[in-house]
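These are my notebook entries, kept in the order in which I looked things up. Each entry takes up one topic.

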Protein chains: 2
Amino acid sequence: MPTSTVEQYIKIIYTQQEHLEKGVVPMKRLSEAMGVTPGTATTMVKHLSDVQLVTYHPRQGVLLTAKGEDLALRMLRRHRLIEAFLEQVLGYDWSEVHADAERLEHAVSDKFIDKLDRYLGYPEVDPHGDPIPSSSGSIESAVTVPLNTCTPGRRVRIVRLLDDDPDFLVCMKDYMIFPGEDFILQESSAVAGTVTVEHLRTRGSATVGYGLAGRILVAEP
Amino acid sequence: MPTSTVEQYIKIIYTQQEHLEKGVVPMKRLSEAMGVTPGTATTMVKHLSDVQLVTYHPRQGVLLTAKGEDLALRMLRRHRLIEAFLEQVLGYDWSEVHADAERLEHAVSDKFIDKLDRYLGYPEVDPHGDPIPSSSGSIESAVTVPLNTCTPGRRVRIVRLLDDDPDFLVCMKDYMIFPGEDFILQESSAVAGTVTVEHLRTRGSATVGYGLAGRILVAEP
DNA sequence: TGTTAGTTTTTGAGTAGTCAAATTAGATCC
DNA sequence: GGATCTAATTTGACTACTCAAAAACTAACA
Ligand SMILES: [Mn+2]
Ligand SMILES: [Mn+2]
Ligand SMILES: [Mn+2]
Ligand SMILES: [Mn+2]
């Protein structure tokens, strides 16, 4: 059985790998995402390599093995189902579910997760629009593009928010920018570094930085 | 913040203290209940004493301080609310809730527990009839007597099962011996070491050992 | 009173995870 | 080709928890 620390490293490696062009995750990136020093990450990565969860390329980075990916998807499934539960059942605000899920995901059994999945009616996405892997480990995400790559004038629907930071999420909530909401993209300026959208229903407009807009995934219907 | 190991020790000390005439819990008892060697228990108890959770009487045993009792009751509240949730909401069998609760109790936040309490409608007891402490730390248990101290001929109602062992609980389930069920006490023999009861509705009779009967708490209405 | 059995404590060692600080390897830039 | 900057690795040390085995204490019994 993997410890909760190992579970956490594997999950982080998966998500970092996802948001990365080149396959391997370098130590700097991993250590920052884990909140540990680079030396600690190196030590742990060697251990993960020993137990076949990652392949380690010294001075370059890590890559998940098939076994590691399995574990990562199981953790993502746990995390996201728990987030859905906290919001839908216990009445958490969707901007606050992350922290509690982060600890619960390491304490639940497979039995718990499967029963929870059933109780929630087999949801496909969590409160942030992140897709929930099935119990067999398959995951399918909707086709989306980052908001900062869309062409102005087009109508877009918010599908997913990639950042888990409560401050970011509360800010998005104030702008009505969350999964399911429709907007018209008014302006997108790489030079000015801003993206402006107008909410379809309320006509309210919001301007966010280019970097943040990259973490807002939308569909162009 | 106490680690989950510390939380577990404190909870165990509380329950052992409860089922004990003399106040102090000796090392042998504590180490057995924790599943560690006596030396380990001694080491930990010294640490718990350093952080004011227990008072340690060398070569005699430990006693919770007020601070320790606070923590113990918070843990018991968590444990029992989680057990109630697993049974009532997720559909666990009440004989199986203990193991999962044992890990979850260390991973939930106060916010989680208070929201769960509300969602469940502020239950007073868990699936085994154990009373659930309030968020302010008060606990009130119904007046009960162990089944092996009752006088034959009397009608009794099962209120609480003290043992968490799944085998014991499944056995009790087969006999219909669980909170809320009514029986007539037919025979109680300290010599033979058995207690025989008859289920009021079904007329089915059950015989259990004297020791086990001591873990079945009943009310004589 | 002396012996013995049971309990408790001490000691030394091991695992998992972490950090600080020194060192090494690569890349980049003149 | 060097000088320099950054990322990565190594080393030594620390915390929290654990065990095995030896030593010490207590209590009770002969
Ligand atoms: Mn986590
Ligand atoms: Mn999420
Ligand atoms: Mn526990
Ligand atoms: Mn219980």
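This is a predicted model: local features need pLDDT of at least 70, side-chain atom pairs count only at pLDDT 80 or more; totals for chains, interfaces and linings use all residues.

**Entry 1, an aspartate and an arginine.** I began with the side chains of B:D182 and B:R155, which are joined by a polar contact of 3.3 Å (a pair of N or O atoms within 3.5 Å; within protein, one must be able to donate a hydrogen and the other to accept it, and residues adjacent in sequence count only if both atoms are side-chain atoms). B:D182 belongs to strand 5 of chain B, residues 182-189, where helices (H or I, at least four residues) and strands (E, at least two) are DSSP runs numbered from the N terminus. With a relative accessible area of 13%, B:D182 is buried; buried means under 20%, exposed over 50% and partly exposed in between, for a 1.4 Å probe and protein chains only.

Residues are numbered from 1 along each chain as its sequence is written, chains are lettered from A and ligands numbered from 1 in the order in which they are written, and side-chain values use heavy atoms, with hydrogens and water left out.

Which atoms coordinate the manganese ion (ligand 3)? I found B:Q8 (OE1), B:E102 (O), B:E102 (OE), B:E105 (OE) and B:H106 (NE2), at 2.1 to 2.5 Å. Donors here are N, O and S atoms within 2.8 Å of the metal (3.2 Å for Na, K and Ca), and water is not among the atoms, so sites may look incomplete. Along the chain, the donors of ligand 3 have the spacing Q-x93-E-x2-E-H, and I found B:E102 and B:E105 both buried.

I counted as near any residue with a heavy atom within 4 Å of the strand. DNA strand C is surrounded by 19 residues, the closest being A:T3, A:T40, B:K28, B:K46 and B:Y56. Of the atoms of DNA strand C that come within 4 Å of the protein, 85% are sugar and phosphate.

I then looked up phosphate oxygens of DNA strand C: one lies 2.4 Å from a polar side-chain atom of A:T3, one lies 2.8 Å from a polar side-chain atom of A:T40, and one is 2.9 Å from an N or O atom in the side chain of B:T42. At least two residues of this surface come from each of helix 1 (4-18) and helix 3 (38-50) of chain A and helix 2 (27-34) and helix 3 (38-50) of chain B; helix 3 of chain B gives the most, with four residues.

By class I recorded eight nonpolar, seven polar and four charged residues near DNA strand C, taking Ala, Val, Leu, Ile, Met, Phe, Trp, Tyr, Cys and Pro as nonpolar, Asp, Glu, Lys and Arg as charged, and the others, Gly among them, as polar.

Sugar and phosphate make up 86% of the atoms of DNA strand D that come within 4 Å of the protein.

I found zero disulfides over all chains, a disulfide being a pair of cysteine sulfur atoms within 2.5 Å. A:C150 is in none, and the nearest cysteine sulfur, that of A:C171, is 18 Å away. A:C150 is buried at a relative accessible area of 6%, while A:C171 is partly exposed at 29%.
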